[in-house]
Amino acid sequence: MAQVGSRPALSATFEVTTWVTRHVGGDGSGSKFFAETFAPGETLRQVMRRFSARHPELDAALWSPDRTQLGEHLEVVVNDAVLGVTHDLDTPLTGGERITLLGQFMGG
Amino acid sequence: MSPTATAARPAKKSASAPASVPGYAGKLLRINLTTGKIWTEPWAEDMREYVGGIGLGAKILYEEVGPKVHWDHPDNRLILATGPLAGLPVWGTGGLTVVTRGAQTDGATSTQANGFFGAALKYSGYDAIVVQGQAKALSYLYINDDTVEIRPAAHLKGKDTWETQEALEKEHGLTGHRISVYSIGPAGENLVRFAAIQGDYGHVASKNGCGAVMGKKRLKAVCIVRGTRSLMPHDARGLVQAADDIAHDLKTDPASSTLYRFGTLPGVSNLYKLGVLPIKNYTTNLTTVDMSTWEPAKLRAGFDHRGHQCNACGMHHCHIQVIGKGPKAGELVDEPEYEGWSGAGWQIGLTDKESITWLNTRLDRACLDVNEFGWVCGWVMECMEKGYLTEKQVGFRLNWGDVDGAYRLIQMISHREGFGDLLAEGVKRASEKIGGEAAKCAVYTRKGASPRGHDHRGRWEEMLDTCTSSNGTMESANATHQTEIGLPGRINPFNGEEVARMVGGILGRKHFEDSLGGCIFTFRTRIEFLARALSAATGWHYTLADALRLGRRTAAILRAFNLRCGIGTDVEYPSARYGSQPVDGPAKDHNIMDQWERMREVWYETVGYDIRTGKPTRETLKKLGLDWLAKDLWRK
């Protein structure tokens, strides 16, 4: 198992969907998956920050201008539950989570 | 009825006539179908406070339609209004807002459509058409600048909306952007309670049975030749700058750029992931279908399609397309909006894309609201599957996903044939009539309004909005750039109090948008930009705060209208199925009814209305500058 420092690393999967994939090198369709390792005790916020930092366009779309909160245009779904239900930004991850980034839908 | 008439205008301006305001035509066109009288009246004095569209319509509705004038009374008004941005070079500004007392709730209705109607009307010299009375025989209204005629429409009887438009284009020798036609099909002529008004091949003012109101007036169509009058904004450079900012925002903003590229198509795959796509009448939220094939680009890929933009619009939203395969191959159809894919598809268990696009256009042509049809048809399908309705009752066997059966139902409803006569009353009335277990399966609000094509059990803000609104559909809709008005960027969607604060907090934004004469989609931008565009158009200075206040004024007037009609707090509830807990999918652990009363309390507190009576409080009305309404509402 990979190690982070002296502790065993955990892993979560980011699923970036449809038009949001354009922010991570995709063509705006389908889903792109990324495995992200992290240390025990790290929160969703920390893991998301590290992931988005590698993708500047996603970073700009995901966070508020002052980078303190999530912006309002992307839905974050953890294990099929929207953020706020089973996880908030400061919930420590335990490994194996699927974090889906979904474009906000407008209109009828 | 006069076969031809010229719109009566004052011989000369009176000394007290207000000066015309830039951006506006400055006149209302009045039509009395009973007497055949056609006249105009100046409109200027209260423009700044009512703006146009829904704002103007709400004012006229409140002033002219009393509590005893039900939806089918000749004195009901059918107001076809546009706004100060219509016809100006801002994206999507061909907007039409229909305001009336609608057939489903017998209360206030405001429903929007686009295309070219609003621009054509403004170029003809009118800000709105106000129709009253009832024609002796089926008629249509012809407008060509000052020539306004109520013409016989016997030759259009029974034609669907596309056939009607084609016939009128041929009759007047005009096509494309040179003529705009909004009409009703057989469903409107036969007073189906969820009949819509459809226009310009694919645009629909669909809510609360406005097409039935038009049918009751025996008005088949309104046909406007693109007028020849000039329309000047106060500050052309400022307007173009604001329009550019709006367009740039739509193209580049992370949320609206998807609207810019694909319109509402992303809804299907996105909402499925959230448990918000209605599947088989709310009986499940899961499917074995590969949802990656329902992504927006793939929804377009199977069709030969062309852009079908509205007035001055640069979005890649509306499309006309040709079905490429299957039994309907070669037919020209309108690309469904998200709600077409849901109402004519997933909600009735139909997942064949060619069949859905075909059925969706058939609904538009018959002039049936695709959402309510979905609730009606899905209800029949579920009830037949469970044995709550029999083949003998319905007239044939209707199974999930049966496109031919669904089309047969469209015909039966549109012509009120057999069981279709009951279904034409909408799912609320039909299910109440059948009763028993069948009644428990129907999706509706207790007001009688149709929910939009979502599974609101996973989108609580829209269920609360649908049930508390006063316009026959959602009045606040999705939060858009809500941080602009100090609301949080995101909330826990299953925390009732947070949801209610959000829904109440954004009240007024959409009313303001719908006052301007543009499109719900191109106006999904920052209010600041819209206020700047309006200021440049009119020469009056509007701020974000003004926009919200004006929107909330309109919301309060429509609420007062509904209360006067007897539509109170007792019907602000979902039906049993609509408010049920999902059995599976992402929202399965959440039951909105556990928090419903608290949500209502918080919503009432947030909007400044009294929860016991449903009335906007005196303080709220005073803040909104509606002292006259406070006197009406609180005099006893």
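Q: How many helices and strands does chain A have, and how are they counted?
A: Helices (H or I, at least four residues) and strands (E, at least two) are DSSP runs, numbered from the N terminus. In this predicted model, chain A has two helices and seven strands. Along the sequence the pattern is β-β-β-β-α-α-β-β-β. Residues are numbered from 1 along each chain as its sequence is written, and chains are lettered from A, ligands numbered from 1, in the order in which they are written. Because the model is predicted, local features need pLDDT of at least 70 and side-chain atom pairs count only at pLDDT 80 or more, while totals for chains, interfaces and linings use all residues.

Q: In what order do the five strands of the open sheet in chain A stand?
A: Strands of a sheet pair through backbone hydrogen bonds, either parallel or antiparallel. Here two strands pair if DSSP finds at least two bridges between them. In chain A the order is E4-E3-E7-E5-E6, with mixed pairing. Strand E4 (31-38) and strand E6 (81-82) of chain A are at the edges with a single partner strand each, so one side of each has no neighbour in the sheet.

Q: How many bridges join strand E5 of chain A to E6(A)?
A: Two bridges join E5 (residues 74-78) of chain A to E6(A), and the two strands run antiparallel. A:Val77 is opposite A:Val82 in E6(A).

Q: Which strands does helix H1 of chain A touch?
A: Two residues are in contact if their C-beta atoms, placed from the backbone, lie within 7 Å. Helix H1 (residues 44-53) of chain A packs on the sheet and touches strand E3 (10-17), E4 and E5 of chain A. For directions, axes are lines fitted to C-alpha atoms, for helices over the stretch in contact, and angles run from 0 to 180 degrees between N-to-C directions. The direction of H1 makes about 120° with that of E4(A).

Q: How many residues of chain B are in contact with chain A?
A: In this model, 36 residues of chain B are in contact with 27 residues of chain A. On the chain B side, the elements that give two or more residues are helix H8 (256-262), helix H9 (267-273), helix H10 (296-301) and helix H11 (338-343). H9(B) gives the most, with five residues.

Q: Which classes of residue make up the side of chain B that touches chain A?
A: Ala, Val, Leu, Ile, Met, Phe, Trp, Tyr, Cys and Pro count as nonpolar, Asp, Glu, Lys and Arg as charged, and the others, Gly among them, as polar. That side of chain B has 14 nonpolar, 15 polar and seven charged residues.
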